[in-house]
Amino acid sequence: MCDLTIEEVFQAYFDCRKGKTNTLSVQKFDEHLNRNVIDLYYDLIDNTYEPGMSICFVVTKPKAREIWAASFRDRIVHHVLYNRYAEMFHKSFVYDSYACIPLKGTLKASIKVQKNIRSVAKNNTQKAFFLKADIANFFVSINKNILEEILSRKITDPFWFNLTKIILHNDPTQHCFVKSDKKLLSKVPKHKSLFNAKKGFGLPIGNLSSQFFANVYLNELDQYIKHKLKIKYYVRYVDDILIMGESGKYLEKIYQQIALYTNNNLGLNFHPNKLEINTVDKGINFVGYIIKPFCKYLRRSTIDNLHSKLNSENLKQVVNSYFGMMIHCNQYNERVKIKSKLKVRFNKNLTKIIGV
């Protein structure tokens, strides 16, 4: 018997609309809010729910990639499933997983990395090494049948597992509106496009369900690294992994083991050209920061991106967002430089303009 409540659907609706109240899809849904939520509820409990059309568009920074946006109605359903099961899955994750988990974003990941550096290098008194690698074409390479089996271990209720399978196996390429023109779409490498993924493979980047499922998938690797190999100094952020140790040869051996496990058990491969083994004092380029034992900087490309946006209409929002990252870094001089540029430009009190 289905135990989904109408309150859960309304809660999922409220979660889904946060920060999006001005979007057309939300406004249209809100025109007949109660009727739309109730209709969705009955579609779900009667097992007549079917995913609708998705929108596909291309972003070019930092590099060209497809982004998929499910319909607002479908996004509510994603939140229904997430709200019911996310906490249970999160409790089973290793502590060293940081992506798409509440209160565990890039800043927290960078803090843990720096803590690991200091620990393995014994506060910079001995040489230490790091291994950095990422999985090639991660989202489009996810095997849905393997993922379904992993999900089935915890989602055992027939109603909820059926809903999970509907969301998981929906192929948005079969019913979508491509918002970007063909020229922009062609900039996405073919092997990174969901349109070219093998049948039964690939999750759409952009949906909450995909972020959640991806973490569940790679939790298998996390568990192997932490509990089978017993690696102490480990951090994962989405498909980027970072391991530290006292020698490069030790890390090379670990890499061979995790590459074999990842291929045999998850059908994934690490990108051969992005493997890096080096000493920690060189600085580790991870989660948007260059991290060293006792200092941390934003990547140069991030700083350059901020400078390119100083003519933005949303200047206050842009600058405060970047400054919010900089206050956790050793970049006081960079902040002073940017403030000076803005003072010259506006010739006014800077605080009144950007609030910093």
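Let us start with strand S4 (residues 176–178), which pairs with S1 in the parallel sense over three bridges. Strands here, at least two residues of E, and helices, at least four of H or I, are DSSP runs numbered from the N terminus, and two strands pair if DSSP finds at least two bridges between them. This is a predicted model, in which local features need pLDDT of at least 70 and side-chain atom pairs count only at pLDDT 80 or more, while totals for chains, interfaces and linings use all residues. Residues are numbered from 1 along each chain as its sequence is written, and side-chain values use heavy atoms, with hydrogens and water left out.

Strand S1 covers residues 54–59, and Ser-54 lies in it. The bridge partner of Ser-54 in S4 is Cys-176. S1 also runs antiparallel to strand S2 (residues 65–69), joined to it by five bridges, and there Ile-55 stands opposite Ala-69. With five residues between them, S1 and S2 form a hairpin.

Buried means under 20% relative accessible area, exposed over 50%, and partly exposed in between, using a 1.4 Å probe and protein chains only. Ser-54 has 4% relative accessibility, so this residue counts as buried. Contact means heavy atoms within 4.5 Å; leaving aside neighbours within four places in sequence, Ser-54 is in contact with Trp-68, Ala-69, Ala-70, Pro-172, His-175, Cys-176 and Phe-177.

Now turn to another group of strands. Four of them form an open sheet with antiparallel pairing, in the order S5-S6-S3-S7. Strand S5 (234–237) and strand S7 (276–279) are the edge strands, each pairing on one side only. On average, neighbouring strands of this sheet are turned by 15° against each other, direction ignored. Axes are lines fitted to C-alpha atoms, for helices over the stretch in contact, and angles run from 0 to 180 degrees between N-to-C directions. Within the sheet, strand S3 (residues 129–134) and strand S6 (residues 240–245) run antiparallel and are joined by six bridges. Leu-131 has Ile-243 in S6 as its bridge partner. Helix H11 (residues 248–266) packs on the sheet, where it touches S3, S6 and S7, and its direction makes about 140° with that of S6.

Helix H11 is also the place of Thr-262. Thr-262 counts as buried because its relative accessibility is 0%. Not counting residues up to four places away in sequence, Thr-262 touches Leu-221, Gly-267, Leu-268 and Phe-270.

Next comes helix H10 (residues 208–228). Its 21 residues reach 30 Å from the first C-alpha to the last, close to the 30 Å expected at 1.5 Å a residue, where the expected span is 1.5 Å times one less than the number of residues. Of the 21 residues of H10, 16 are buried, so the helix is largely enclosed by the rest of the structure. H10 is followed by Lys-230, whose phi is positive, near 55°.
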